[in-house]
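Notebook open, coordinates loaded. I'm going through the model a few residues at a time and jotting down what I looked up.

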Amino acid sequence: MLSGLHAQPMKVFSASGIDKIIEILRDNVANFIQQNYEGSFELSELPNSNGKFQASSSSDIVVSNKNIKKLTDGRFIWTNVDGCFDCSGCYKLVSLEGSPKVAGDYKCGGCKEITTLEGAPDIVKNDFTCNECSLLKSLKGAPQTVGGTFDCSTNFGIGSLEGMPQKVDSVICSYTFIRTLEGAPDIITGNFDCSCNPMLYTLEGGPERVGKDFICRKCGHLITLEGAPTYVGNNFDCQSCPLLLALYGAPNYVKNNFDCSSCEELRILKGAPKYVGGNFNCSECKCLTSLDDFEGLPEYIGKYFSVRYQNVAG
């Protein structure tokens with residue numbers, strides 16, 4: 001038998017005592033939210049099965065304490081925020097854990113310490129913005145459904161689109177270090193902007209169909225349009241791509257304008273779309289010097305054909 005040990009009597013709380021403890025915990029959670037956030041919110045009366053209170057809002061929620069390192073104190077979770085959940089500019093924030101599962105809009109741009117999107121909402125009804133997160137290395141953890149625009153631009157740590165939403169209206173992935181478009185969804189109903197990516201050398205893996213604009217201008221290593229969408233519902237813009245030699249791989253159909261101007265090494269127009277409903281612009285392409293170079297022009301140009309400084313009716 002062990003000596004020197006004495007059993008301690010077990011504390012038994014009355015129902016009223018438990019209610020008081022829950023009330024105190026709930027007040028502490030409410031105080032944390034009020035001290036670190038702006039916006040009206042609702043807080044559950046009781047914790048869930050995991051012992052956490054649930055916070056929600058029908059309006060915008062903004063993190064007012066830009067020094068915050070975590071979005072919750074571990075005693076509550078955000079569930080739904082119908083408005084915008086905005087934690088942008090929180091330069092000490094290390095994780096998106098604690099974000100609402102569903103949000104109207106979501107902003108975490110300028111969060112300099114996050115390295116992953118793990119913890120982000122599952123569904124964003126409108127726009128999701130994670131631009132200018134200097135340590136962000138991957139899009140894994142991003143919401144897979146975004147009803148508006150997914151903006152991951154100006155993140156030079158990102159080398160791949162793997163993990164990005166597969167159901168999304170528009171995408172902005174400019175100013176990154178992606179090399180291909182692998183990981184992009186097959187269909188974009190809005191715009192797809194992959195411009196100004198210095199390491200992008202191919203459009204392979206990109207969307208097959210874009211409902212509005214497809215923009216890949218100012219991509220210094222882009223050598224071919226192979227992999228471009230076959231259908232573009234508004235404008236196609238590949239201007240100022242200095243290593244582009246021909247237009248092989250361009251969409252067959254562009255509903256409005258096609259712009260390949262200022263492509264200094266563009267030597268032939270073979271591969272150009274069959275149909276361009278608006279303007280076809282190949283001005284300022286210094287290597288297009290003879291009529292033979294213009295073989296491959298679209299069969300139909302709805303408005304104007306622009307070459308150098310002259311406009312010729314289509």
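I started with Phe-156, which counts as partly exposed because its relative accessibility is 42%. The cut-offs I use are under 20% relative accessible area for buried, over 50% for exposed, and partly exposed in between, with a 1.4 Å probe and protein chains only. Phe-156 sits in the loop between β9 (145-151) and β10 (167-172). Helices (H or I, at least four residues) and strands (E, at least two) are DSSP runs, numbered from the N terminus.

Phe-156 also turned up in a nonpolar surface patch with Tyr-175 and Phe-177, and together they have about 300 Å² of accessible area. The areas are Shrake-Rupley with a 1.4 Å probe, and for residues only the protein chains shown count as cover. My patch rule takes residues with over 30% relative accessible area and no salt bridge, joining like charges within 9 Å and nonpolar side chains (Val, Leu, Ile, Met, Phe, Trp, Tyr) within 5 Å.

Ground rules, for the record. This is a predicted model, so local features need pLDDT of at least 70 and side-chain atom pairs count only at pLDDT 80 or more, while totals for chains, interfaces and linings use all residues. Residues are numbered from 1 along each chain as its sequence is written, and side-chain values use heavy atoms, with hydrogens and water left out.

**Confidence**

I checked pLDDT next (the predictor's confidence in each residue, from 0 to 100). The chain's mean is 92, and 93% of its residues reach 70 or more. Residues 1-7 stay under 50, and the model gives them zero contacts beyond four places in sequence. Residues 309-314 are also below 50, but that stretch has eleven contacts beyond near neighbours in sequence. A contact here means heavy atoms within 4.5 Å. Where pLDDT is low, the predicted coordinates should not be read in detail.

**Salt bridges**

How many salt bridges does a search of the whole structure find? I got four, with the rule being a side-chain nitrogen of Lys or Arg within 4 Å of a carboxyl oxygen of Asp or Glu. I wrote up some of them.

One of them joins the side chains of Arg-26 and Glu-45 at 3.6 Å, N to O. Arg-26 lies in helix α1 (residues 15-36) and Glu-45 in the loop between β2 (42-43) and β3 (53-57), so this pair ties together parts 19 residues apart in sequence. Arg-26 is partly exposed at 21%, and Glu-45 is exposed at 57%.

Asp-237 and Arg-217 form another, with the closest N and O atoms 2.6 Å apart. This pair links distant parts of the chain, 20 residues apart: Asp-237 is in strand β16 (residues 236-237) and Arg-217 in the loop between β14 (214-215) and β15 (231-232). Asp-237 is buried at 10%, whereas Arg-217 is partly exposed at 28%.

I also noted Arg-75 with Asp-73, at 2.7 Å between the closest N and O atoms. Arg-75 is partly exposed at 32%, and Asp-73 is partly exposed at 26%.

Cys-260 is in no disulfide, with the nearest cysteine sulfur, in Cys-285, 5.1 Å away. Cys-108 is buried at 0% relative accessible area, and Cys-260 is buried at 0%.

Thr-79 is in strand β5 (residues 76-86) and counts as buried at 19%. Leaving out residues up to four places away in sequence, Thr-79 touches Gln-54, Ala-55, Ser-56, Pro-100, Lys-101 and Val-102.

Pro-143 is in the loop between β8 (128-129) and β9. Is Pro-143 buried or exposed? I have it as buried, at 1%. With the sequence neighbours up to four places away left out, the residues touching Pro-143 include Ala-120, Phe-128 and Pro-165. Pro-143 and Val-168 are 25 residues apart in sequence and 9.7 Å apart C-alpha to C-alpha.

Lys-270 is in the loop between β18 (258-259) and β19 (275-276), partly exposed at 31%. Among the residues it touches beyond four places in sequence are Tyr-248 and Glu-295. Lys-270 and Tyr-248 are 22 residues apart in sequence, and 6.3 Å separates their C-alpha atoms.

Terms used:
A disulfide is a pair of cysteine sulfur atoms within 2.5 Å.
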